[in-house]
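This report looks at salt bridges, a helix and nonpolar cores in a single structure.

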Amino acid sequence: MDELSARSGADGGTAVVSLLGAADLAFARGDTSAAVDLAARGADRARQAGLHGFLPDAHTVLALSALRQGDMSVSAQFADQLRDYALLGRTAHGPSQCAWAAAQLLEVRGGPASAAQLIAGIATDDRLLLELLASQPTAAAWLVRATRKLGDEVLARRVVAGAGALAVRNPGLCSVGAAAGHAAGLLDGDPDGVLAAAAAHQDPWAAASAAEDAGKFLAARPAERQRAVEAFESAADGYAGAGAPRDARRVASRLRALGVRRGRHPQYAGRSGPDAGTLTNTEVAVAELVSQGFTNSQVGERLFISGHTVAFHLKKIFRKMDVASRVELTRAWSRVPGASPEGARAS
């Protein structure tokens with residue numbers, strides 16, 4: 001019986017590793033739906049086999065997938081859990097990725113200060129930093145942005161130095177070189193360097209992120225408006241293709257600030273829902289975030305508009321969808337298939 005139990009445990013472990021490895025690959029290629037399915041199955045198998053050390057890995061994929069898909073209610077559920085996994089050392093595999101995922105979720109929920117402990121912990125620990133940079137092509141750039149938001153230029157430079165050294169030691173790994181170039185370009189404020197990284201990134205979300213960063217630099221230069229628009233257009237398309245509507249909406253807002261409105265994206269063609277057809281892009285974005293439980297001020301922060309403007313849009317949404325409260329809106333919005341700014345009418 002002991003031998004049989006051991007064999008079953010080994011088989012279960014192999015199945016869990018296979019499922020979670022496939023989930024990681026699906027997430028890296030932008031197939032977040034497949035990543036969620038595989039990670040959830042991996043978590044179930046891990047629980048059944050008593051292999052609880054694998055749960056942080058599964059939950060990391062589930063949380064990051066929810067964040068990319070814009071499902072803030074799900075990602076928020078994982079934030080504290082992943083933070084505890086990381087701080088208490090409850091994961092033997094990929095502790096840096098668990099900490100990084102928790103930091104992203106906490107930052108979205110409460111700003112950079114709420115994730116400061118995890119950010120500093122990763123950036124100052126040589127082993128954790130190297131492990132993360134080697135496994136996640138988007139981590140270096142994210143850490144540079146996060147440390148700068150915290151006003152810590154020393155940590156930002158430490159991340160860039162670590163990414164650069166890793167790239168030098170691994171000249172054949174395109175993803176590592178692209179990540180290093182992206183981080184360095186961010187630190188130096190170099191849009192051309194960041195655009196070169198966008199072209200080199202093999203991860204579709206990482207490429208879109210680099211294009212967005214380049215667009216932000218270029219948008220600050222009046223003479224570079226057209227290049228900024230091109231960079232943002234590339235980012236929006238990349239995010240849409242990577243299954244990241246939340247990020248695509250943010251870029252659409254940046255394009256609107258430049259006087260450019262996005263049309264219907266092919267992936268949403270033919271999709272509409274009851275009562276939502278007359279909403280503008282901004283109203284759809286507001287409705288989607290409000291239905292996920294965000295306050296007016298939190299919605300405003302994510303859409304780069306004021307809380308008062310959110311309230312104005314919300315009144316129009318209530319009228320157009322014939323609802324009288326946020327609760328009714330949430331219930332109605334759950335019945336709208338494929339709701340997204342790209343699928344709404346331009347305002």
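## Salt bridges

A salt bridge is a side-chain nitrogen of Lys or Arg within 4 Å of a carboxyl oxygen of Asp or Glu. The model is a predicted one, in which local features need pLDDT of at least 70 and side-chain atom pairs count only at pLDDT 80 or more, while totals for chains, interfaces and linings use all residues. Residues are numbered from 1 along each chain as its sequence is written, and side-chain values use heavy atoms, with hydrogens and water left out.

A search of the whole structure finds 16 salt bridges. In one of them, the side chains of Arg-47 and Asp-44 meet at 3.1 Å, N to O; these residues stand three apart in helix H2 (residues 32-49), which separates them by about one helical turn. Helices here are DSSP runs (H or I, at least four residues), numbered from the N terminus. Arg-47 is partly exposed, with a relative accessible area of 42%, and Asp-44 is partly exposed at 40%, where buried means under 20% relative accessible area, exposed over 50% and partly exposed in between (1.4 Å probe, protein chains only).

Lys-316 and Glu-283 also form a salt bridge through their side chains (3.3 Å, N to O). This pair links distant parts of the chain, with Lys-316 in helix H17 (residues 307-321) and Glu-283 in helix H15 (residues 281-291), 33 residues apart. Lys-316 is partly exposed at 23% relative accessible area, whereas Glu-283 counts as buried at 0%. Elsewhere, a network of salt bridges links Glu-212, Asp-247, Arg-250 and Arg-254.

## Helix H11

Pro-191, Val-194, Ala-197 and Ala-198 are buried in helix H11 (residues 191-200). They cover an arc of only 120° around the axis, which puts them on the same side of H11; the arc is that of the directions from the helix axis to the C-beta atoms. The buried residues of H11 pack against helix H10 (174-188) and helix H12 (204-219).

## Nonpolar cores

A nonpolar core is a set of buried Ala, Val, Leu, Ile, Met, Phe, Trp, Tyr and Cys residues joined through side-chain atoms within 4.5 Å. The largest has 58 residues, of which Leu-82 and Leu-143 touch the most other members. Helix H5 (residues 95-110) supplies the largest share of this core, nine residues. Apart from it lies another core of 19 residues, among them Val-286, Ala-287, Leu-289 and Phe-294.

Technical notes
Helix = DSSP H or I, 4+ residues; strand = E, 2+ residues; numbered from the N terminus. Contact = heavy atoms within 4.5 Å.
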